Amino acid sequence: LIGKDGDVQRIVKGSINEAQALALIRDPNADLGRLKNAFYKPDTQKKDSKIMNTRTIYLAGGCFWGLEAYFQRIDGVVDAVSGYANGKTKNPSYEDVSHRGTGHAETVKVTYDPERISLDDILRYYFRVVDPTSLNQQGNDRGVQYRSGVYYTDPAERATIEKAFAEEQKKHQKPLVVENLPLDNFYEAEEYHQDYLAKNPNGFCHIDIR
């Protein structure tokens with residue numbers, strides 16, 4: 001948000017709706033989180049005037065549009081970004097991933113505040129919206145790019161993930177087919193994929209984000 005003198009008055013990360021935009025025009029310090037259907041989470045980047053100590057986990061579970069929108073709504077999640085993970089090529093495009101066998105999984109980079117939500121809770125939310133026994137398929141989407149996986153960057157997190165997998169397995173007769181692997185690579189998806197369901201409210205998604 002730029003003031004009349006060209007100074008930066010406020011930075012809003014993510015998408016805003018019309019009501020939020022009008023509120024900002026009236027008051028640069030408007031509380032956007034109180035407006036209906038808000039996608040912006042106010043003051044998530046700072047806490048007590050200090051930069052927040054965030055952590056990240058990478059989650060694949062079918063089409064990334066719905067998984068991204070879902071995690072953006074969870075308290076304690078700072079940001080969710082759609083991308084392509086653990087494939088064989090560098091800087092893939094959506095066409096590469098979909099039609100050229102690059103081996104990437106549509107994945108959401110979830111950045112969260114560990115003081116507000118734990119990795120264990122993140123995984124509980126994750127298992128609520130994926131079928132962990134479905135191989136390379138979620139909803140109507142089929143293919144290697146739609147496989148399920150939890151990809152970590154800190155080896156110390158593997159034990160927490162394994163425990164969450166063991167708890168989830170108790171709920172199913174079929175074996176879980178969700179990958180539990182270190183993150184080898186992650187590339188952000190094209191801009192039109194970011195916040196896709198916010199930009200396209202009627203867009204198809206296998207996750208009911210309501």
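**A friendly note on salt bridges and a helix pair**

1. Glu-179 has a relative accessible area of 25%, so this residue is partly exposed (buried means under 20%, exposed over 50%, partly exposed in between, with a 1.4 Å probe and protein chains only). This is a predicted model, in which local features need pLDDT of at least 70 and side-chain atom pairs count only at pLDDT 80 or more, while totals for chains, interfaces and linings use all residues. Residues are numbered from 1 along each chain as its sequence is written, and side-chain values use heavy atoms, leaving out hydrogens and water.

2. Glu-179 pairs with Arg-147 in a salt bridge, 3.1 Å from N to O (a side-chain nitrogen of Lys or Arg within 4 Å of a carboxyl oxygen of Asp or Glu). Glu-179 sits in strand 9 and Arg-147 in the loop between strand 7 and strand 8, so the pair ties together parts 32 residues apart in sequence. Strands are DSSP runs of E with at least two residues, and helices are runs of H or I with at least four, numbered from the N terminus. Arg-147 counts as buried, at 9% relative accessibility.

3. Now look at Asp-120, which forms a salt bridge with Arg-124, with the closest N and O atoms 3.1 Å apart. Both residues lie in helix 4, four residues apart, about one turn of the helix. Asp-120 counts as partly exposed at 25% relative accessibility.

4. Lys-199 is partly exposed at 40% relative accessibility, whereas Glu-191 is exposed at 57%. The structure holds 11 salt bridges.
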